[in-house]
Amino acid sequence: MSGTALDPTTAATFPMAARGLMGDTQLRKNVKHATDVIQAKRARVVGEMPDWQELRESGRRLREHTMRYLDAYLEEFERNFTARGGVVHWAADAEEARRIVVGLVKASGSNEVIKIKSMTTEEIQLNKALEAAGIRPYETDLAELIIQLGHDQPSHIVVPALHKNRQQIREIFKREMNLPDLGGTPQDLADAARLFLREKFLKVKTGVSGANFLIAETGGVCVVESEGNGRMCLTLPETLITIAGIDKVVPRLKDLEVLLQVLPRSATGERMNPYNSIWNGVDPARNDGPRAFHVVLMDNARTSVLADAEGRQTLNCIRCGACQNACPVYRQTGGHAYGSVYAGPIGAILTPQLQEMKFAQTLPYASSLCGACYEVCPVKINIPEVLIHLRNKVVVQGGPFKAEALAMRAMAMIFRSERRFRAAQRLGRIAETPLVREDGQGEGWIGWLPGLLGGWTQVRDLREMPKQTFREWFEAREASGNAGGER
Amino acid sequence: MSRAGVLAKIRAANGGASTLATAEAAWGEIPRAYRRTAEMEREEILEMLEDRLRDYDAHVVRAARADVADTVALMLRTRGRTRMLMPEGVDQELLPSWVGFAVDDPGEPLPFLAIDKFEGVLTESTLAIAETGTIVLQTVAGQGRRALSLIPDYHLCLVRTSAVVRTVPEAMDLLATVPAFATTFISGPSATADIEMTRIKGVHGPRFLDVVLVID
Amino acid sequence: MNGVGAPLCFFCSRVTVRGPDEGLFLRVSLFITCYNDTLFPETGKAVVRVLERLGHTVEFPAGQTCCGQMHYNTGYQAEGMPLLERFVAQFRGAECVVVPSSSCVAMMRDHYPKMTEHAGNAVLAREVAELLPKVFEFSEFLTKRLGLEDVGAFYPHKVTYHASCHGLRNLGLGDGPQRLLRAVRGIELVEIAGLEQCCGFGGTFAVKNAEVSSAMLADKTRAVLNTGAEACTACDNSCLMHIEGALHRQRTGVRTVHLAEILAGEP
């Protein structure tokens, strides 16, 4: 698997990357199995909620509201977090965020850190920067540990190693943990991870995390997790550094009553994930948690997404991954094809926008617009709508003289006139003639098309055009006075 | 310092600066048509909590206040746990007098490596949510600092039935009334489904969770 | 009017079709869509047959061409706008508009209002707002506008139904099409596994991401073949053209047929 980081600025186009990955039948089997299981679990626990649609609507409105008043809420968070002994840092981009974190780790006097799974740290490729500064990061989430030890890349927001099966994970652990006799059940593998990390949790002095939510009202931070590795990282170290996109703020503690209902059910298909931690600053009086707590508020192009009236709903995402599990495209290719740590439908809209449309322009087209993502989104992000919006940006960027643009304009010209449309229908019948062959039943079919259209005939035939269009039939019938009585 | 720059970009994107007052007014307009309260009998709510705790591999029993000590003792015997730890401030009447519990003294807190040597921890709880099978702990007397319910492999938790609510919004209403202590939601023992989506109990947090519902 | 069902089915006197609009005969303007007009005239004929059998009058505004979906969904929003204007010009004043394509109706409902808003054209926006509630996908017209399930059809074949994404999710057709199918005499309706899964067509997606589209299609055709049906039906010929392309390439002998053609079936 690719050891190089998922970097949208250097990644292959989606169709090219997908072509490569789709040859990996084991990967596709693993992805399909995992997404099938999560979808079934999600459907069960969502079905239990008679007010699911009301929760989704409140979730959407709450997130929209937060983005609308984002400056006020970030300042409120900063004020309250600082009042509780925390330190806030602001980072305009990934580079600045990395520099701040590396500086804070060094200042904490540690040359190793324990990490909670965080998509934001993946987004900014923090581990590479830490290693370059001589700091060893230990990923503690089981899936992230599998990825780190396997020199692999995450392929899913919530279950980043879902593209690996137990045999593959066993091989990684045997090799990297030096456990030649390791058993092969998921329990064996989880036990090995427990032993491997136990000492780190108890001894490493600095932790790095992301955040699910920053609570403006209290200056609190909320982290949602399953294994307890998150609790270890945010409770036991002396110093905790949390990196969060500016989009992670929520106005009031009470708002978690919406988000903590929709997130677990959407993400892992659980009524509630095993552990949620909500805490505020530092608490030396009770000896509870780290003595130093830093939050890095990172922009990294989120404000440019916010400035786009149609694209900004992308920022409402709470990173549940439900759209990935539901997406028929993701389910075929897995996550690496998207060339970004944000894969699937949300990645297809988030990645190009975070790249300010300079890279990843094939991602908005990596969708059949089937709408399954929108249907499961717990905050009702209309992903197909944003995909179409971004396609328009790509088209405008590409200029008017690309072959596709010329063809599309020609088609539009035809559709703008009845006369031209009729002529095109007639012409089409003539033009296709050399391509049409008869099948066993004597019907005409096309089995090969030129150029871009050849994608169609790779695995599909195309029926020849009928001798008479519908409008010709209808008009002939009207002319013969047959309307109404014709059978 | 990027603070000013980031805030300026946000304001430009939103067509100007916002104030907390206008934000708060608009916050009140967010529709919240979801369920807030229980339309359920007390007993049904308790059964729902028990059912959902069990669904996520917790062991649950109900006991009258007078029987809690015996129940706790039986649970510890069944689990084969003797070296137990607890935070300061646990209601002594709920504990079996013949079982020794080490107490984490806030004045002289145990090092993490010492906590790791215990076979289990007993704590009380702030409240529980039936619909999600969740127990909520806070850093207060009887529940202790967060490390206590995290490092040992076994957690025995006492939940008062009067503190059981049905829905998440009811729980958040209650939590909004208490000072902002560190709060942990626990729903079943530590678990992962990272390997082939097979749920495995116990990775880093306690692998075993027992709950005594104290009828009050 | 109460109790007097119109004799809608002249070939089979025991069939009496009733609905909330019983006795009310409508003037239906048919928007056939560009690809049905050109590639699937049989679908259009079937729509006419069913609607006339139910006593309605069908009109065909001759200036109609395309709703603009392909342009709009591929990112050519500017090219879609004149097609919107053309549609409105052709169908303004219609009593109701029937469209035998779920994705074209989804295009109009989901995007036309926004397009006119972006164009800043208040007059057009109002016209769109007035017209859209009168636009129906064919099966939706039967089940929701006319309140019918049984349209007196006969189709003695084993059939499976594919729920096209735009019909299922954007239009919320629900089980309307299946209810229509279940009322067909002689039909054996078998449910497909993964009913809600996309067939992989997605317009230009099928050529821009041909490999992924093909893999999605392979899953769909396998599901179709597993039903043992003779034919696969849907409310959208674009999905059916896609599925048919693979079924034919693989020489499976399984056909695709638009829902309207089944409902037009007579003994």
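## Size and fold of chain C

Along the principal axes, the C-alpha atoms of chain C fill a box of roughly 55 × 55 × 25 Å.

The model is predicted: local features need pLDDT of at least 70 and side-chain atom pairs pLDDT 80 or more, while totals for chains, interfaces and linings use all residues. Residues are numbered from 1 along each chain as its sequence is written, chains are lettered from A in the order in which they are written, and side-chain values use heavy atoms, without hydrogens and water.

Chain C holds 13 helices and 8 strands (DSSP runs of H or I, at least four residues, and of E, at least two, numbered from the N terminus). In chain C, 65% of the residues count as buried (under 20% relative accessible area, 1.4 Å probe, protein chains only).

## Contacts between chains

Chains A and B share the most contacts of the 2 pairs of chains in contact (heavy atoms within 4.5 Å). Chains B and C do not touch, and their nearest C-alpha atoms are 18 Å apart.

## A strand pair in chain A

In chain A, 4 of the 5 residues of strand E1 (residues 87-91) are buried. Strand E1 runs parallel to strand E10 (residues 292-298) of chain A, joined by 5 bridges (strands pair if DSSP finds at least two bridges between them). A:Ala91 has A:Met298 in E10(A) as its bridge partner.

Notes. Buried < 20%, exposed > 50% of the residue type's maximum accessible area, 1.4 Å probe, protein only.
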